[in-house]
Amino acid sequence: MSIGLENRLPLSEKVFRVNVEDENHITLLHKLASTTQIDFWKPDSVTQIKPHSTVDFRVKAEDIFTVEDFLERNELQYEVLISNLRSVLEGQFDSQVRATGHSYEKYNTWETIEAWTQQVTSENPDLISRRTIGTTFEGRAMYLLKVGKAGPNKPAIFMDCGFHAREWISPAFCQWFVREAIRTYGHEIHMTELLDELDFYVLPVVNIDGYIYTWTKNRMWRKTRSTQAGTTCIGTDPNRNFDAGWCQIGASRSPCDETYCGPAAESERETKALANFIRSNLSSIKAYLTIHSYSQMMLYPYSYDYKLPENNAELNALAKATVKELATLHGTKYTYGPGATTIYPAAGGSDDWAYDQGIKYSFTFELRDKGRYGFVLPESQIRPTCEETMLAIKHLARYVLEHLY
């Protein structure tokens, strides 16, 4: 299946990985980024590059020679992760599932996901209800699914997917989670207990406008699609838009940048809707989980500062046990730790914000992979990725249930 890709992609964009040894290398990459349009995959921007790290970025076909020449001239060690992005993008749709309409082992368009939220709710009225918590910049309804057996005053876990539009594996996981919950309820003891004792609020796609844009116009789009006076640049990074050290570090005030923090905290309708819902349900929400990709990490606060959370030892032990559980199925190795030191400092993130609201268990998952495919993980990896992540979420949920506060 090709989604008009051939019209949108030059012949062979490449994705590079550069080894950064020292400050001099960082300076060189700043220089390169200032003269050539580069799309940073990891970290999210040139400002977040640290010594002794690797940097992944996408380069347009017409700039490849310039970039390779620059890297070689300056003796920067690099490898090409993806030599022809177009063919990898077309190869994304490699699922052997021949379903028309919604499939848990394929990437689904927003239209298909929206219809699915309605269908899964009407088919499972005892376990799922659906509500709208707000609308996006372009006026689309933001659907939240509440998954769990009805009961009074139940504690809850809030989970969202699809903050960054191009991270397609993320919404795929939220759909998978819902399916597994209803499929195994009453058959599998742990899931049955979790749904009897807890509610899960699942927001399948936060950044719906951006997600649609990745299907129709630009597969590599990241931000929302909001516009504002005084600039022709579109969109805000929704995960830099929360009121948690807003725009202080690892975020940009330039509307054209990928990590633009927005004109103000919660300026985006999407982040405002999410924040409002959590604020009004704070007494019941005991954990906040946000699903991103890629790099196989489990992060906890803080990202906006190098300070550690009050219950750092507990979060660290929980993350360690959770990634150990995740690895039991396919051997996938995750790293874990506080956001600022484990990946990079970034202000305005939803996990830090949720933690500062008093939600003790707040985690960001960065799903597969480590860069071989990056944001263009093939459909054939949806099942194994979701299966192992499911183990992690269940482990975490059981822990939360045993440590209610």
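Guide: Buried means under 20% relative accessible area, exposed over 50%, and partly exposed in between, with a 1.4 Å probe and protein chains only. The model is predicted, so local features need pLDDT of at least 70 and side-chain atom pairs count only at pLDDT 80 or more, while totals for chains, interfaces and linings use all residues. Residues are numbered from 1 along each chain as its sequence is written, and side-chain values use heavy atoms, without hydrogens and water.

Visitor: How many disulfides does a search of the whole structure find?

Guide: A disulfide is a pair of cysteine sulfur atoms within 2.5 Å. By that criterion, the search of the whole structure gives a total of three.

Visitor: Which residue does a disulfide join to Cys161?

Guide: The cysteine in question lies in helix α6 (residues 169-184), whereas Cys161 lies in strand β7 (residues 156-161), so the pair ties together parts 13 residues apart in sequence. Helices (H or I, at least four residues) and strands (E, at least two) are DSSP runs, numbered from the N terminus. The S to S distance is 2.1 Å, and the partner is Cys174.

Visitor: Are Cys247 and Cys261 buried or exposed?

Guide: A disulfide joins Cys247 to Cys261, and its torsion of -75° about the S-S bond makes the link left-handed. Both residues are buried.

Visitor: What is the distance from the sulfur of Cys386 to the closest cysteine sulfur?

Guide: Cys386 is buried, with a relative accessible area of 0%. The closest cysteine sulfur belongs to Cys161 and is too far for a bond, at 8.7 Å.
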